[in-house]
Amino acid sequence: MNKKVALIGSGNAFFKDEGAGLYAGKFLKENFDFEPEIEIVDGGTLGFRLMPLLQEYDAVIIVNTASDNMKKTGEISVKTTDEFLDGELVKKTANEVEIAEMLQICSMSEKMAETTVISIVPEDIISVEVALSEALESHWQNYISVILQTLENMGIVVKEKEKRCSLKDILHIFANPSIEFNRGF
């Protein structure tokens, strides 16, 4: 496999569950090695500024939250760009709106990465807190497993690092960004 692959953790760490994509990206970066190597990007709430990544890479995985009143908290979806855009999108946050619009615009360009969006339904995207709700924490390992399985399905070998970083550690890093922790990511 000679594909150039990026995983983008997207969301807002200041609004509790909306940071799940960011936390997942950082969790993967700290706990796993990938062969061939993939780029793990702090997509934050960059929205349209992520567009160049969709044109520079062969494959992109966006991990985020996706509000959906028809699904239960913690439910995970894995969708291609077409599936993501064809579905009924519930857009409760600016980040959800920008990701959808960015994918719509990029899908019309000459070159666009094969894009997969892995979303988890949040419980609380209102509280101003660097944390996950108990409901989302209970689905955390499944969310990570789905992301890792998607990477493996792309032919990427996943190896767990010897030194582990817990979800609690990841949340602490985001709540206390410093140079030591690369300002969070």
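In which handedness of crossing does α1 pass α7? The crossing of α1 past α7 is right-handed, where right-handed stands for the near helix being turned clockwise from the far one by less than a right angle, and left-handed for anticlockwise.

This is a predicted model, in which local features need pLDDT of at least 70 and side-chain atom pairs count only at pLDDT 80 or more, while totals for chains, interfaces and linings use all residues. Residues are numbered from 1 along each chain as its sequence is written, and side-chain values use heavy atoms, with hydrogens and water left out.

Helices (H or I, at least four residues) and strands (E, at least two) are DSSP runs numbered from the N terminus. An open, mixed sheet is built from 5 strands in the order β3-β1-β4-β6-β5; two strands pair if DSSP finds at least two bridges between them. At the edges are β3 (39–44) and β5 (76–80), each pairing on one side only. Within the sheet, β4 (residues 59–65) runs parallel to β6 (residues 114–120) over 7 bridges, and V63 stands opposite I118 in β6.

Helix α6 (residues 140–153) lies across β1 (5–10), β4, β5 and β6, at about 165 degrees to β6. Axes are lines fitted to C-alpha atoms, for helices over the stretch in contact, and angles run from 0 to 180 degrees between N-to-C directions.

Helices α1 (residues 20–31) and α7 (residues 167–175) pack at about 115 degrees, with axes 10 Å apart. Their contact (heavy atoms within 4.5 Å) involves L22, Y23, K26, F27 and E30 of α1 and L167, I170, L171, I173 and F174 of α7.
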